Amino acid sequence: MSADHSDTFRHRDPSQGVPDDSAPPLAWLPIPPEEIDGLPDGLSYAFWDGGPDFPTDPARCAFYCVPYMKGLEVSVRPLREMTGLQVIQTLTAGMDDIRPALGGVPSGVRLCNARGVHDASTAELALTLILSSLRGIPDFVRGQDAGEWRSGFRPALADKSVLIVGYGSIGRAIEDRLVPFECERVMRVARSPRTTERGPVHPIDSLPQLLPDADVVVLVTPLTEATRGLAGADFLARMRDGALLVNVSRGPVVDTEALLAEVGTGRLLAALDVTDPEPLPAGHPLWHAPGVLVTPHVGGPSSAFLPRAKRLLRDQLTRFASGESLRHVVDTTG
């Protein structure tokens, strides 16, 4: 493989108008290419992780892997100049961090997500939030800080009914990790119904019937117009008294004001890795709402991320170089 690590990009000759078609297709990667074993020959590579200088002329880029967790402003900055772009690869499961900028992208560009990269890490955090909330870990930590022995009776995850809303690859990984905890029942909801080895996946319009039977509701849906505000006042009112809402999807999937009204009465508990707004500003009532545990959107960034991201890029770039179909194509610009 060849690599291009120059600090300044090579400008095109205006008289030529287009990049040299004889040059190998160029991929911009947010991980140094020499750190990814097995990248295919036949492509050239440049490292860009959102810094102020572009590594090459963006017009030369054919495969653009979006820098991870650098924000929309950084991610979209080179797009308007990427006139030869063929693929946009994100390292996130959701696509809401790049979709707003697709209007200026050439037609025919394939948009691929990182399905599978965050399954292990996000599922671990979902279980951490469930167990921490049910067993009262935040109160124990506050007791330790105060030097107080705060003993007491706490609910277990055993014998509870869990509803997973958004049964994709992360939802399946969450259920994998629920198995040893002796849950009474796991219910699954997705956009479309289907049957799995573990049981039925119900359509999303079944939520009104399923919510009253769940002790724990885990949100792991993508953020779309259909899921924005999904967990609103009616959704929350249908949850049984004392139930726990866990959100590891996107903050706007939950109506924050409706949630504050429910947890304020003590009727529901919540564990949120994502919030609306995000980042949660100082003084926001969610910080100190009773029965609410907040983590700062850390479902994906863990030691599990990098090995899986490298495997994804190696596989996608191998497919791209050989002209095979790419995985996880969620849209094509037109």
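Predicted model: local features only at pLDDT ≥ 70, side-chain atom pairs only at ≥ 80, totals over all residues.
Is glutamate 175 buried or exposed? At 5% relative accessibility, glutamate 175 counts as buried.

Glutamate 175 pairs with arginine 188 in a salt bridge, and their closest N and O atoms are 2.8 Å apart. Because glutamate 175 lies in helix α4 (residues 169-178) and arginine 188 in strand β8, the pair ties together parts that are 13 residues apart in sequence. Arginine 188 is buried too, its relative accessible area being 5%. Buried means under 20% relative accessible area.

## Salt bridge between two loops

Across the whole structure, a search finds 14 salt bridges. One of them joins arginine 267 to aspartate 241, with the closest N and O atoms 2.9 Å apart. This pair links distant parts of the chain, 26 residues apart. Arginine 267 sits in the loop between α7 (256-264) and β13 (269-272), while aspartate 241 sits in the loop between α6 (233-238) and β12 (244-247).

## A salt-bridge network

Arginine 150 counts as partly exposed, with 29% relative accessibility. Glutamate 148 is also partly exposed, at 44%.

## Strand pairing around β10

Strand β10 (residues 199-203) is joined by 3 bridges to strand β8 (residues 185-190), and the two run parallel. In this region alanine 190 has proline 203 of β10 as its bridge partner.

Strand β9 (residues 194-196) is also joined to β10 by 3 bridges, but these strands run antiparallel. Here the bridge partner of threonine 195 is proline 200 in β10. β9 and β10 form a hairpin, with 2 residues between them. Strand β8, which pairs with β10, also holds arginine 188, the partner of glutamate 175 in α4.

## Nonpolar surface patch

Ile137, Phe140 and Val141 make a nonpolar surface patch of about 220 Å². Isoleucine 137 is placed in helix α3 (residues 137-146). With 36% relative accessibility, isoleucine 137 counts as partly exposed.

Notes:
Residues numbered from 1 in each chain as written. Heavy atoms only, no water. Patch = residues over 30% accessible without salt bridge, like charges linked within 9 Å, V, L, I, M, F, W, Y side chains within 5 Å. Areas by Shrake-Rupley, 256 points an atom, 1.4 Å probe, with all protein chains shown as cover. Salt bridge = Lys/Arg side-chain N within 4 Å of Asp/Glu carboxyl O. Helix = DSSP H or I, 4+ residues; strand = E, 2+ residues; numbered from the N terminus. Buried < 20%, exposed > 50% of the residue type's maximum accessible area, 1.4 Å probe, protein only. Pairing = 2+ DSSP bridges.
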